[in-house]
Amino acid sequence: MNFLYSLTKRVRQNHAVEHATMHLLSRRHPSLRLVGRTTASGFLLYGQMDTETVVETVLEALDRLRHGENELAVHPNCGTNIVVGGTLAGLAAWLATRGRRRSFWEQVPSALLASTAALVIAQPLGMLFQERFTTSPAVGDLRLREVVSGRWGTTMAHRVELARR
């Protein structure tokens, strides 16, 4: 059980650093298209940027999280938001049509209305879910171990490895 707790804590911290890095990169380069994916050892960044910029930004992200800029740990384009939205929309559509003896086409308006309302609710809920469950800005002694660059198809990729001091 201790291993699972430790792994979850590490992934949540890595996820926070990924988000903070993406926030900072996006502010500096508004036209930059980025995709990130958290791993147990750090995270991956896909986008056209040089390795030096990634290293500098990860170091700054760690520093800013350590100094209390917790809002950097939550990102509006996180996959967590998509999961929360999809789950709520699906559940709302199912509940809206459950137990009704109407044709499929008669149920569509109820399902659409319910799922749309769920998606509106899901936006702030997804951010809250990130804050409470999928990220942790308490990065403590986390440090940048290395950044390895390469190509993933035609896209530049950077594997950011984080470690404990």
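Tutor: Let us begin with a term: a residue is buried when its relative accessible area is under 20%, exposed when that area is over 50%, and partly exposed in between, using a 1.4 Å probe and protein chains only. The model here is predicted, so local features need pLDDT of at least 70 and side-chain atom pairs count only at pLDDT 80 or more, whereas totals for chains, interfaces and linings use all residues. Residues are numbered from 1 along each chain as its sequence is written, and side-chain values use heavy atoms, with hydrogens and water left out.

Student: OK, so how many residues of strand S2 are buried?

Tutor: Five of the five residues of strand S2, which covers residues 42–46, are buried, so the strand is largely enclosed by the rest of the structure. Strands here are DSSP runs of E with at least two residues, helices are runs of H or I with at least four, and both are numbered from the N terminus.

Student: And in what order do the strands sit in the sheet?

Tutor: The sheet is open and has four strands in the order S1-S2-S4-S3, with antiparallel pairing; two strands count as paired if DSSP finds at least two bridges between them. S1 and strand S3 (142–152) are the edge strands, each pairing on one side only. From one strand to the next, the twist averages 20°.

Student: How does S1 connect to S2?

Tutor: A hairpin with two residues in the link joins S1 to S2, and the two strands run antiparallel with five bridges between them. One example is Gly36, whose bridge partner in S2 is Leu45.

Student: Which residue of S4 does Leu45 face?

Tutor: Leu45 stands opposite His158 in S4, and Phe43 stands opposite Val160 in S4. S2 pairs with strand S4 (residues 155–164) over five bridges, again in the antiparallel sense.

Student: What about S3 and S4, how many bridges join them?

Tutor: S3 and S4 run antiparallel and are joined by 10 bridges. Among the facing residues, Val147 has Val160 as its bridge partner in S4, Gly150 stands opposite Ala157, and Trp152 stands opposite Thr155. The two strands form a hairpin with two residues between them, and Gly153 in the turn has a positive phi of about 70°.

Student: Is S4 largely enclosed or largely open?

Tutor: Seven of the 10 residues of S4 are buried, so S4 is largely enclosed by the rest of the structure. Ala157 is found in this strand, and its 12% relative accessibility is why it counts as buried. The C-alpha atoms of Ala157 and Leu128 are separated by 29 Å, and these residues are 29 residues apart along the chain.

Student: Switching to helices, at what angle do H3 and H4 pack?

Tutor: Helix H3 (residues 79–97) and helix H4 (residues 104–134) pack at an angle of about 145°, and their axes are 6 Å apart. The axes are lines fitted to C-alpha atoms over the stretch in contact, and angles run from 0 to 180 degrees between N-to-C directions. The residues of this contact divide into 14 nonpolar, 10 polar and no charged, where Ala, Val, Leu, Ile, Met, Phe, Trp, Tyr, Cys and Pro count as nonpolar, Asp, Glu, Lys and Arg as charged, and the others, Gly among them, as polar.

Student: Where is Leu125, then? And is Leu125 buried or partly exposed?

Tutor: Leu125 lies in helix H4, and it counts as partly exposed because its relative accessibility is 35%. Between the C-alpha atoms of Leu125 and Ser31 there are 27 Å in space, while the two residues are 94 residues apart in sequence.

Student: Last topic: which residues line the largest pocket?

Tutor: The lining consists of His15, Glu18, His19, Met22, Leu34, Val35, Gly36, His75, Asn77, Cys78, Gly79 and Thr80. A pocket is an open set of points on a 1 Å grid where a 1.4 Å probe fits, with protein on both sides within 12 Å along at least five of seven lines, and lining residues have an atom within 4 Å of a point.

Student: Which elements give two or more residues to that lining?

Tutor: They are helix H1 (2–28), strand S1 (35–39) and H3, and the largest share, four residues, comes from H1. By class, the lining has four nonpolar, seven polar and one charged residues.
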